[in-house]
Amino acid sequence: MQDQKSHPNQFLGYKNGLLYFFDGSRELSLTAVVKNYQGPVFFYSLNFIKSRAIKMQDALKGVRMFYAMKANAHPQVLGVFKDQKIGIDVVSGGEIKHAINCGFGYKDLVYSGVGKTKKELELAISNDIYQINVESIPELQRIAEMAAQLKKKANVAFRINPDISIKSHPYIATGLKDNKFGIDTGQLGEVIAVAKSYSEFLSVKGLSLHLGSQMMEFDSLKDSLAKLKPLFLKLRAEFPECNRFDFGGGLGVYYEKQDLLAEEKLLADYAAVVFSELDELKIKITDLEIQSEPGRWLVGHCGVLISQVQYVKKTPYKEFVILDSGMNHLIRPSLYEAFHGIQAMKDGPEKTYDVVGPICESSDFFGKNRKMAQVKEGDFIVVRDCGAYGATMSSDYNLQARALEVTDSDF
Ligand SMILES: *Cc1c(COP(=O)(O)O)cnc(C)c1O
């Protein structure tokens, strides 16, 4: 991994012994990012995100995309999606307000989540939000009653729980019947009855699905789409305005290796499954709007977390690299035992380390038994693939300060 240009398949590598981010056209020195280092920093390449968005739009031609903001809510990141005419999938009142502050309209927003409060729903309904993905019968009732009070007609789609598992960490699989997400297929009759009884205040726009995150194979998606098709047609027969089919997000990325070409193949396979299942509906329903809610695939690789070595601690058993950043900034390794590539800013002879943070928890590590270039106090470490579910999942635990977030537009 010497000259980046000879590796179009990668986005991070050494050049003259120093780590660079390659966004597809430009090489950006990560050393420049830590020039006036004040503390841990997330660096995002907006250029890279844009190229990913275009690739996905090409692969999913005709699909209306709503970027899942919970993956990365940086205003400039959202700006890339706004420029690409991509909407936003929001999961809270806070995310709704943030999207509006970043220049999106309520017509650009799909609102998901199992626990929408009255206050949050009031914000959504009174502003005629494009779509509320309803996750339960009591939620549907609440929406209908609130729409009546507000003298509005709420746009709803029903998130269906297909009871189909994906191969992923159990914490990020959402499509099983013992998960809290979505409406059980057996309850659709009741849902229709409730929706009909409030027909003055509800506009039933469609169905939605989200199987979970980090999907790397698509049999479960195929089965779920097949299961939902007849339900969609049933709904359409009851509600003529029903014309939206939202197949959710969840397309995964490789964390163990850098292989952009393999990911494009993955994207193509994903698109093939979607279209093979949904093209038939498209013929039957000429005004069909197919929707998608991608998060991780768009932003996962765009970001790195850079932190500084505070101590190299040698025990009779281990050698620890202790950083000024930990699970407070990037919780994925602690929460899901997720793998993130870790590299030293400066290339050199390798050593094996446990890379850990300052937080007072044994689960506070970024990686164990990792081979990387030898480091010493004051050196910088780069954690790969922190563009999705990095900063947005960070906390103030131990009253540590949040990490700074910067983009390629700052350099
Ligand atoms: C998190 C989430 C997504 C995005 O998932 P990714 O794995 O990041 O693509 C999409 N839709 C819903 C409802 C979600 O909760």
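Of the 14 residues around the ligand, which come nearest? In this predicted model, they are Lys70, Ser213, Gly250, Glu293 and Tyr389. By residue class, the shell around the ligand is made up of three nonpolar, six polar and five charged residues. As for its place in the protein, the ligand sits in the largest pocket.

Lysine 70 has a polar side-chain atom 2.7 Å from an oxygen atom of the ligand. Tyrosine 389 also places a polar side-chain atom by a ligand oxygen atom, at 2.5 Å. On its own the ligand has 390 Å² of accessible area, and the protein covers 93% of it.

The protein chain has a mean pLDDT of 95, and 98% of its residues reach 70 or more. Over residues 1-5, pLDDT stays under 50. For this stretch the model has 22 contacts beyond four places in sequence. Where pLDDT is low, predicted coordinates should not be read in detail.

Notes. Residues are numbered from 1 along each chain as its sequence is written. This is a predicted model: local features need pLDDT of at least 70, side-chain atom pairs count only at pLDDT 80 or more; totals for chains, interfaces and linings use all residues. Side-chain values use heavy atoms; hydrogens and water are left out. A residue is near a molecule or strand if one of its heavy atoms lies within 4 Å of it. A polar contact is a pair of N or O atoms within 3.5 Å; within protein, one must be able to donate a hydrogen and the other to accept it, and residues adjacent in sequence count only if both atoms are side-chain atoms. Accessible areas come from the Shrake-Rupley method with a 1.4 Å probe; for residues, only the protein chains shown count as cover. On a 1 Å grid over the protein atoms alone, a cavity is a set of points where a 1.4 Å probe fits but cannot get out, and a pocket is an open set with protein on both sides within 12 Å along at least five of seven lines; lining residues have an atom within 4 Å of a point. A molecule sits in a cavity or pocket if more than half of its atoms lie within 2 Å of its grid points. Ala, Val, Leu, Ile, Met, Phe, Trp, Tyr, Cys and Pro count as nonpolar, Asp, Glu, Lys and Arg as charged, and the others, Gly among them, as polar. pLDDT is the predictor's confidence in each residue, from 0 to 100. Contact means heavy atoms within 4.5 Å.
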